[in-house]
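Please read these notes alongside the sequence and the model.

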Amino acid sequence: MTTSKKIFRMTTLIPLLIAIGLMITVPMTVSAAKPNQIPSEALLPELQAVVPDGVQVVHKQQSDTLRFTNGIANTGEGHWQMAPTFPTNPDDDVIATQQLLDADGNIVYEQVVSIFEFHEEHNHWHIADVTEFSVHQGSPDGPLVGDSNKVTFCIEDVYNMIENTNTADRIFWDCTVSLQGVQAGWADQYHQSTPGNQVDITGITPGIYYLVHNVNPDGTFIERDSTNNKAWTELLVFEKNNGQIDVVETGITSCSLLDPTDPYTPALCGEVTANRG
């Protein structure tokens, strides 16, 4: 999940290139879609951050790392899906193109939004610049204590936010260089032990802090509303008897103030999870 140097492995891609037959060089151009460019019949996804949960401090070699569970939800009407385009030059990026569908499942709009990157620790392929994490002092917008920079993500259907299942009716389930995404009404989720679900907080002092999760931080992915993409967990940082710091979760973002009849509320608040590593 962490931002990593892309490693383009021809031994991995050559069979896919032969099978799919996509030998096209496409320049990497990422820009936000204009509303008047998107057909009215396109069903838009709605990306929202699941409240970070399972927060813990890991002490190692005089450093302190905050680890946590992370999730991305799609509460829109349309799937959030990216398809790859392979380059002819092995030094070029594998392009990720977002596809919008209509009610009949037809692709009605496409736009380059990111790239595919190979993640060595996870040993599979991610989409770049999907989300970011940060820790702020005093408020969600307070002084920055630490951040993750932009984070790559293998995007899959992990659980249905209403039925809480991780198997039935999955559409996106592969971390290869293939179609990746989260279908409408589903969420992707990573366990706190997964490499990348972390922020270095070495040197932090006792007090109130906020762990903020921001999906689609650059606004490059097409969605219905990009103004509601942040979720946070309030943390009390304190010092233990041995001098090491620890944290207690003391509050969460306003997801709990949403319409209580909204079936997605428990999932967005981190109360419904099905973690994967």
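1. N216 counts as buried, at 4% relative accessibility; buried means under 20% relative accessible area, exposed over 50% and partly exposed in between, with a 1.4 Å probe and protein chains only. N216 lies in the loop between β12 (207–215) and β13 (230–239). Although not a glycine, N216 has a positive phi of about 55 degrees.

2. On the basis of the model: this is a predicted model, in which local features need pLDDT of at least 70 and side-chain atom pairs count only at pLDDT 80 or more, while totals for chains, interfaces and linings use all residues. Residues are numbered from 1 along each chain as its sequence is written, and side-chain values use heavy atoms, with hydrogens and water left out. Strands are DSSP runs of E with at least two residues, helices are runs of H or I with at least four, and both are numbered from the N terminus.

3. Is Q61 buried or exposed? Q61 is exposed, with a relative accessible area of 74%. Q61 is also not a glycine, yet has a positive phi of about 50 degrees. Its place is the loop between β1 (47–60) and β2 (63–74).

4. β1 and β2 pair in the antiparallel sense over 10 bridges; two strands pair if DSSP finds at least two bridges between them. Within this pairing, V58 stands opposite T65 in β2.

5. How many aromatic pairs does a search of the whole structure find? The search finds five. Rings of Phe, Tyr and Trp (its six-membered ring) pair if their centres lie within 6.5 Å; planes under 30 degrees apart count as stacked, over 60 as edge-to-face and the rest as tilted. One of the pairs is F68 with F133, which is edge-to-face, at 4.9 Å centre to centre and 70 degrees between the planes. F68 lies in strand β2 and F133 in strand β6 (residues 124–137), so the pair ties together parts that are 65 residues apart in sequence. F68 is buried at 0% relative accessibility, and F133 is buried at 2%.

6. The rings of F153 and Y190 have centres 4.6 Å apart and planes at 70 degrees, so this pair is edge-to-face. Because F153 lies in strand β7 (residues 144–153) and Y190 in strand β10 (residues 186–190), the pair ties together parts that are 37 residues apart in sequence. Both F153 and Y190 are buried.
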